[in-house]
Amino acid sequence: MINDKVVNTRVSKKLYEKIFNKAKKNRVSISNLIRNLVEDTLEIHEDIHDAIDKKIRKYLSDTEKQNILGYQEITLAKDTLCDNCGKELKTSDTAYVAYLAESDSKIILCSTCKAKISKSEKKEPHATTADN
Ligand SMILES: [Zn+2]
């Protein structure tokens with residue numbers, strides 16, 4: 001407890017009453033209640049930031065799209081999100097796993113994104129072939 005710090009903060013009478021009543025209701029001290037609230041809030045925000053980071057990282061870049069080796073149709077065994085558009089996918093929905101040529105990561109795609117990406121993929125090689 002030697003390393004614990006004390007935080008003093010000024011609150012309105014109204015907020016104090018809210019905190020006081022909540023602490024009374026939960027049978028905890030005001031300090032405990034506030035400590036828990038702050039901890040929970042900070043943790044939730046960190047989780048949200050992590051989730052956003054993950055989403056941005058997973059969002060397919062053009063290079064990744066061109067590196068897709070193939071797709072495998074799967075039936076989902078749990079709810080997940082499309083790694084490209086973030087659409088919610090439910091258990092027993094059909095999704096597609098995209099395998100990348102230069103990476104071990106597997107990307108989950110909804111049918112819309114799979115159709116969109118595989119279409120744009122096919123167009124490019126044909127266009128270059130036509131130029132030759
Ligand atoms: Zn999608």
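Colleague: Why is Ser-118 called partly exposed?

Modeller: In this predicted model, Ser-118 has 17 other C-beta atoms within 10 Å. A buried residue needs 20 or more and an exposed one has 12 or fewer, so with 17 Ser-118 is classed as partly exposed. Ser-118 belongs to helix H4, which covers residues 111-131.

Colleague: How do you know where Ser-118 lies in space relative to Ile-68?

Modeller: The C-alpha to C-alpha distance is 8.9 Å, although the two residues are 50 apart in sequence. Ile-68 itself stands opposite Leu-100 in S4.

Colleague: What makes S1 and S4 a strand pair?

Modeller: Pairing requires at least two bridges. Seven bridges join strand S1, residues 68-75, to S4, so the two count as paired, and they run antiparallel.

Colleague: What makes up the largest nonpolar core?

Modeller: The core has nine residues, among them Cys-82, Ala-95, Tyr-96, Leu-109 and Ile-117. Strand S4 (94-100), strand S5 (106-109) and H4 each give two or more residues to this core, and the largest share, three residues, comes from S4.

Colleague: Which residues does Ala-95 touch, leaving aside those up to four places away in sequence?

Modeller: Ala-95 touches Ile-74, Leu-76, Leu-89, Ile-108, Leu-109 and Cys-110.

How values were computed
Residues are numbered from 1 along each chain as its sequence is written. This is a predicted model: local features need pLDDT of at least 70, side-chain atom pairs count only at pLDDT 80 or more; totals for chains, interfaces and linings use all residues. Helices (H or I, at least four residues) and strands (E, at least two) are DSSP runs, numbered from the N terminus. A nonpolar core is a set of buried Ala, Val, Leu, Ile, Met, Phe, Trp, Tyr and Cys residues joined through C-beta atoms within 7 Å. Two residues are in contact if their C-beta atoms, placed from the backbone, lie within 7 Å.
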